[in-house]
Amino acid sequence: MSKTKTVIIRTIIVTIVLILAGLGACAAFELPDPISVEQRARAEATFDAQALDAALTDISRWHHDNQTQIAAALQPGLEEAVVQEKFATLPCRPTEELVQLWGWHNGTRDTAQPFIWYHNFLPVEQVITEYEALRANPRLGWRENWLPVFEFEGEWYFVECDDRPRTASPVGYFFQEDTEAIVAYTSLTKMLETSAAWFKKRAVTWDARQEAMQEDLKRLLEIHQDLNEDARFPYHVENSDK
């Protein structure tokens with residue numbers, strides 16, 4: 001074999017190795033963690049199972065009163081043992097908040113109508129499917145301990161999971177075209193309390209003719225900040241300093 005051919009072959013081998021290394025680096029890429037130690041501690045310290053139940057009851061009542069499709073779309077709840085079994089292949093366990101949420105109802109069946117302001121409530125099975133798909137996408141940098149719980153067309157609200165038992169977690173927000181995630185709610189309980197307050201205070205209303213939610217963004221922001229002082233409202237609101 002000539003020296004020139006040897007150099008060419010070695011160059012090809014090096015190029016292949018670099019490409020494979022680059023692919024490995026992409027697969028390992030993770031977005032920066034937006035959640036602080038203090039925010040995690042606050043979420044756990046303020047966990048309130050009764051408050052979570054009350055918020056879910058209020059949200060369910062709003063859908064019933066407005067005759068949306070959600071009441072019929074909610075799936076039966078799951079026993080904790082069933083939820084834990086479904087997580088057996090994942091590297092982390094769900095929080096008590098998540099177990100309580102899916103014990104109430106295991107998400108919604110396919111429907112064009114959202115559970116909370118324009119986001120869908122995912123069943124456990126879909127959470128795991130979405131999690132695996134998000135982790136497999138090297139462009140996104142989805143972290144290993146993020147569980148997508150509410151979703152809408154490339155937007156996700158996620159809750160942290162861990163290999164140790166945890167009561168609660170802050171709720172993060174990520175849009176697939178963004179380069180970072182943010183902390184959007186103090187906890188899952190606070191997120192659902194905020195949603196219930198939006199319904200009660202008519203910051204979100206139901207348009208029966210269009211079969212869609214209508215919102216007052218400024219009121220959404222005000223209520224969100226009242227209940228989640230350590231989190232960012234994930235949408236731009238004009239003429240607001242918050």
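# A guided reading of the helices

Visitor: Is E132 buried, exposed or partly exposed?
Guide: In this predicted model, the relative accessible area of E132 is 45%. Buried requires under 20% and exposed requires over 50%. Because 45% lies in between, E132 counts as partly exposed.

Visitor: Where is E132 placed, and how many Å separate its C-alpha atom from that of W142?
Guide: E132 belongs to helix 7, which covers residues 124–136. Along the chain, E132 and W142 are 10 residues apart.

Visitor: How many helices and strands does the protein have, and what percentage of its residues is buried?
Guide: The secondary structure consists of 9 helices and 9 strands. The protein has 242 residues, and the buried share of them is 45%.

Visitor: What share of the contacts in the protein with a separation of 6 or more comes from residues 24 or more positions apart?
Guide: The count takes in contacts whose partners have a separation of 6 or more.

Visitor: How far apart are the end C-alpha atoms of helix 3, and what span should its 17 residues have?
Guide: Helix 3 covers residues 49–65. At 1.5 Å a residue, its 17 residues should span 24 Å. The expected span agrees with the distance between the end C-alpha atoms, which is 24 Å.

Visitor: Which residues of helix 3 are buried, and what arc do they cover?
Guide: The buried residues of helix 3 are A51, L52, A55, L56, D58, I59, W62 and H63. They lie on the same side of helix 3, because the arc they cover around the axis is only 160°.

Visitor: Which elements do the buried residues of helix 3 pack against, and which exposed residues does the face turned away carry?
Guide: The packing partners of the buried residues are helix 4 (70–73), helix 6 (96–104), helix 8, strand 8 (204–207) and strand 9 (212–215). The face of helix 3 turned away from its buried side carries the exposed residues Q50, H64 and D65.

Visitor: At what angle do helix 3 and helix 8 pack, and is their crossing left-handed or right-handed?
Guide: Helix 8 covers residues 188–200, and its axis is 9 Å from that of helix 3. The angle at which the two helices pack is about 35°. Their crossing is left-handed.

Visitor: Which residues of helix 3 and helix 8 meet, and how many of the contact residues are nonpolar, polar and charged?
Guide: From helix 3 come A51, L52, A55, L56, D58, I59 and W62, and from helix 8 come T189, L192, E193, S195, A196, F199 and K200. By class, this contact of helix 3 with helix 8 holds 9 nonpolar, 2 polar and 3 charged residues.

Visitor: Is the crossing of helix 3 and helix 6 left-handed or right-handed?
Guide: The axes of helix 3 and helix 6 come within 11 Å and cross at roughly 35°. In this contact, A49, L52, D53, L56 and S60 of helix 3 touch E97, Q100, L101 and W104 of helix 6. The classes of these residues are 5 nonpolar, 2 polar and 2 charged. The crossing of helix 3 and helix 6 is right-handed.

Visitor: Where is T194 placed, and which residues is T194 in contact with, leaving aside its neighbours within four places in sequence?
Guide: T194 is in helix 8, and T194 is buried, with a relative accessible area of 0%. L227 is 33 residues away from T194 in sequence, yet their C-alpha atoms are 6.6 Å apart. Leaving aside neighbours within four places in sequence, T194 is in contact with Y185, I223, H224, L227 and N228.

Visitor: Is Q67 buried or exposed?
Guide: Q67 is in the loop between helix 3 and helix 4. Although Q67 is not a glycine, its phi is positive, at about 55°. With a relative accessibility of 71%, Q67 counts as exposed.

Visitor: What is the relative accessibility of R202?
Guide: R202 is found in the loop between helix 8 and strand 8. R202 is not a glycine, but it has a positive phi of about 60°. R202 counts as exposed, with a relative accessibility of 62%.

Terms used:
Residues numbered from 1 in each chain as written. Predicted model: local features only at pLDDT ≥ 70, side-chain atom pairs only at ≥ 80, totals over all residues. Heavy atoms only, no water. Axes fitted to C-alpha atoms, helices over the stretch in contact; angles between N-to-C directions. Helix = DSSP H or I, 4+ residues; strand = E, 2+ residues; numbered from the N terminus. Left-handed = near helix turned anticlockwise from the far one by under 90°. Contact = heavy atoms within 4.5 Å. Nonpolar A, V, L, I, M, F, W, Y, C, P; charged D, E, K, R; others polar. Expected span 1.5 Å × (residues − 1). Buried < 20%, exposed > 50% of the residue type's maximum accessible area, 1.4 Å probe, protein only. Arc of directions from axis to C-beta.
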